[in-house]
Amino acid sequence: MGEKLVVVGQGYVGLPLAMRAVAAGFDVVGVDVDERRVKRLNAAESYVEDVGDGALFAAHRSGRYLASADYGAAGDFDVCVITVPTPLRDGVPDLRHIGAAGEAVAPLLRRGAAVVLESTTYPGTTEEYLLPLLEEGSGLRAPEDFHLGYSPERIDPGNGHWRLENTPKVVSGIDAASLERIRAFYARLVDQVVPVSSPQVAELCKLLENTFRHVNIALVNELSIFAQQLGIDVWEAIDAASTKPFGYMRFTPGPGVGGHCLPIDPSYLSWKVKRSLGHNFQFVELANDINRHMPDQVVRRLGLALNRARKPVNGSRVLALGLAYKKNAGDCRESPAIDVVRGLRKLGADVRATDPHVDPFLLPPGVGVVAFSERELAEADATVVLTDHDCFDYALVQRASAFVLDTRNRCRGPNVERL
């Protein structure tokens, strides 16, 4: 028998971690409260694009992976990693999933075990929120009886180069023994482990990474709006700036930001600063405002284009290319593409959407999908490129569409307008 690992949450973070741990020799129990997910996992049917059905089948065949909708099989674990969602509710961090996981794991804790939180959250969550739950529910004390730490996830769905095992892993512990225990665990899974001095540093590290991206995307999004009004090609300017070999990093505009990270994580930092220090994090709040309204900007631009063709949005047929929040991935959490579709439908447009990467199981209600085809392109009054998957034939998009609003700079032609 190998060491026993419990991974709470079998989504975009937890499932790849579970599969990597099986390959490294751990006996893994993947807990997810969604019974539909568990049923699919135990049938070796993956809903996470970075984990193929073959990997799931091999994990089951090894006898070292089990998915469960409860914690019945999770006892006597050596390590437990919590990878549950951390949404915002009315602008306030919602830690109920972490709380539920902590309360469920606590009675299963035994001396010498380790618990690691990977869910993105504000600095202080591990020690101020999760630790008391574990101690109260177990009757044990940390660090004397068990180890505890935080390690931010760095999963990038659809990225074929940077995967879990070759992406440096930041780790922390509430004391030196916890840090060493957690470092040793992840050293079996990844090529490089980066220890830091405390969970609060690791928690801030994650928020810093995503706030950096969020603010810079907001910058180019706002720049794209003004450049279009000034009659300047913002994409050409970005291409030119990208030739500078120092002091510049390329970011590109789009219909907004999506996934769990960018629309939510910087707000955790902003909330913590406001709550603890009484100050507004102005960069984050401004970036939130700009990126949050980019789907509205796309709807407005498409409406203006249809008006120039003497067609109202109401009743026009629109084909939306891509529903995921990023290219070549199936993750549609917080996707701005879905907000664009909803905005157009609210104005009365007949919207068809196509995305071969997104599992219909994961789509919110009311978003219908069609297959990508020349007929769908030709029958639409307008096509809007929202997610630039490589599988789309952009030459066909340009040729067969009456009009294209391209938010991702993939099409060229007289009938194409770029964001």
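Biologist: Which residues does L204 touch, not counting those up to four places away in sequence?
Modeller: L204 touches P123 and L269. Contact here means heavy atoms within 4.5 Å.

Biologist: What kind of model is this?
Modeller: This is a predicted model: local features need pLDDT of at least 70, side-chain atom pairs count only at pLDDT 80 or more, and totals for chains, interfaces and linings use all residues. Residues are numbered from 1 along each chain as its sequence is written, and side-chain values use heavy atoms, with hydrogens and water left out.

Biologist: Back to L204. Where is L204 found?
Modeller: L204 is found in helix α7. Helices (H or I, at least four residues) and strands (E, at least two) are DSSP runs, numbered from the N terminus.

Biologist: How does L204 count by relative accessibility?
Modeller: L204 counts as partly exposed, because its relative accessibility is 40%. Buried means under 20% relative accessible area, exposed means over 50%, and partly exposed is in between (1.4 Å probe, protein chains only).

Biologist: How far apart are L204 and G254 in space?
Modeller: They are 27 Å apart, C-alpha to C-alpha. In sequence, L204 and G254 are 50 residues apart.

Biologist: Now T126. Buried or exposed?
Modeller: Buried, because T126 has a relative accessible area of 0%. T126 sits in helix α5, residues 125-138.

Biologist: Which side chain joins T126 in a polar contact?
Modeller: That of E203, at 2.6 Å. A polar contact is a pair of N or O atoms within 3.5 Å; within protein, one must be able to donate a hydrogen and the other to accept it, and residues adjacent in sequence count only if both atoms are side-chain atoms. Setting aside neighbours within four places in sequence, T126 is in contact with L117, L131, L148, G149, Y150, P199 and E203.

Biologist: Next, the largest nonpolar core. Which residues touch the most other members?
Modeller: V8, I82, V115 and L134, out of 36 residues in that core. A nonpolar core is a set of buried Ala, Val, Leu, Ile, Met, Phe, Trp, Tyr and Cys residues joined through side-chain atoms within 4.5 Å. There is also a second, separate core of 34 residues, which includes V13, L17, A59 and V171.

Biologist: What is V115 in contact with, leaving aside neighbours within four places in sequence?
Modeller: F77, C80, I82, V105, L109, L130, L134, H147, L148, G149 and I182.

Biologist: Change of topic. How many salt bridges?
Modeller: The count is 29. A salt bridge is a side-chain nitrogen of Lys or Arg within 4 Å of a carboxyl oxygen of Asp or Glu.

Biologist: What does D145 form a salt bridge with?
Modeller: R111, with the closest N and O atoms 3.6 Å apart. This pair links distant parts of the chain, 34 residues apart. D145 is in the loop between α5 and β8 (147-150), and R111 in the loop between α4 (96-105) and β7 (114-117). D145 is buried, because its relative accessible area is 18%. R111 is exposed, because its value is 61%.

Biologist: And which residue does E376 pair with in a salt bridge?
Modeller: R317, with closest N and O atoms 3.1 Å apart. E376 is in helix α13 (residues 374-379) and R317 in strand β11 (residues 317-321), 59 residues apart. E376 counts as buried at 14% relative accessibility, and R317 counts as buried at 16%.

Biologist: Which residues are linked in a network of salt bridges?
Modeller: R317, R375, E376 and E379.

Biologist: What about K327, which residue is its salt bridge with?
Modeller: D390, at 3.4 Å between the closest N and O atoms. K327 lies in the loop between β11 and α12 (336-346) and D390 in the loop between β13 (382-385) and α14 (394-400), so the pair ties together parts 63 residues apart in sequence. K327 counts as partly exposed at 33% relative accessibility, and D390 counts as partly exposed at 44%.
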